[in-house]
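Here are my notes after a pass through the model. Have it open while you read.

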Amino acid sequence: MLTQTRHQLILAELEQAHVVSLQDLMAKLSVSESTIRRDLSQLEEAGRLVRVRGGAKRVYHLDRESSYKEKLGRNSSDKALIAETAAAQVSAGQVIYLDAGTTTLAMIPHLVGQGVTVVTNGLSQADLLCDYGESVILLGGQVKPKTRAIIGAQAQAQLARYRFDHVFMGMNGVDAEWGYTTPDQEEAALKRQAMQQANQVYVLADATKLGRVSFCHVANVEEAILITHALTEGQRVPLMQLTTVKEC
């Protein structure tokens with residue numbers, strides 16, 4: 001197998017798993033440990049990954065954010081489990097806030113028929129709720145095309161008028177030390193404001209978000225209940241020392 005082909009396959013594995021081990025790469029590529037180590041060294045020198053003990057991890061750029069379409073196709077089965085668990089926290093007739101994001105979007109089919117009022121800054125959330133004939137208030141303001149989210153001062157001013165039984169948030173990073181983070185300052189401000197206006201806050205995060213840190217701090221881990229899936233023991237212990245973790 002050509003070196004360039006191996007490098008492409010290694011990067012593809014990192015795109016999916018975010019962390020890969022030497023043993024897994026050796027098995028999947030059918031090459032020796034010395035070959036994999038050399039490949040990882042070359043890719044690290046090129047800035048494409050970071051070597052760690054026993055393998056490598058993906059390079060994260062603090063201010064980089066995937067597009068909505070990219071997010072929609074990732075970890076859909078995990079997001080479905082998280083969304084179902086999140087929706088189960090909602091009682092009939094409550095007022096809730098759904099943050100823009102693909103995991104909160106997956107909650108909506110589970111909310112139909114409960115008489116819930118939803119406030120959201122997500123264009124996709126509002127569109128799907130309308131399709132189901134549910135009550136929805138879409139914040140006004142600037143549209144961020146990449147994430148299909150409403151942001152800005154106008155959205156914050158409107159949001160300030162509301163109070164919520166529950167707020168459901170997506171985050172780009174969840175870390176025991178750095179808390180909940182996201183790449184965009186204006187999205188971070190809106191998330192922070194919504195969290196402050198809720199009786200209870202839930203952060204919905206699949207395993208790829210855990211241990212990641214993005215550019216803008218939103219809140220400390222203890223300020224929300226974390227709903228997630230497939231935690232490792234190393235991830236579970238420090239998070240559960242700080243907050244309630246609902247693992248589905």
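The points below go from the ground rules to the cores, a helix, a sheet and the salt bridges.

1. Ground rules. This is a predicted model, where local features need pLDDT of at least 70 and side-chain atom pairs count only at pLDDT 80 or more, while totals for chains, interfaces and linings use all residues. Numbering starts from 1 along each chain as its sequence is written, and side-chain values use heavy atoms, with hydrogens and water left out.

2. The main core. A nonpolar core here is a set of buried Ala, Val, Leu, Ile, Met, Phe, Trp, Tyr and Cys residues joined through side-chain atoms within 4.5 Å; buried means under 20% relative accessible area, exposed over 50%, partly exposed in between (1.4 Å probe, protein chains only). The largest one has 31 residues, and Y97, L139, V174, Y180 and L226 touch the most other members. Its largest share, four residues, comes from α9. Helices (H or I, at least four residues) and strands (E, at least two) are DSSP runs, numbered from the N terminus.

3. Around L226. Leaving aside residues up to four places away in sequence, L226 touches, among others, V174, Y180, V203 and L239 (contact is heavy atoms within 4.5 Å). Another core, of 19 residues, lies apart and includes I82, I108, F168 and L204.

4. Helix α3. Residues 33-45 make up this helix. Its buried residues are T35, I36, D39, L40, S41 and L43, and they pack against α1 (3-17), α2 (22-29), β2 (49-52) and β3 (55-58). After α3 comes G47, with a positive phi near 80 degrees.

5. Three strands form an open antiparallel sheet in the order β10-β11-β13, where two strands pair if DSSP finds at least two bridges between them. Three bridges join β10 to β11 (residues 179-182), and V174 sits opposite Y180.

6. Salt bridges. There are eight, each a side-chain nitrogen of Lys or Arg within 4 Å of a carboxyl oxygen of Asp or Glu.

7. R37 is partly exposed at 45% relative accessibility, and E33 is partly exposed at 32%.

Technical notes:
The expected span of a helix is 1.5 Å times one less than its number of residues.
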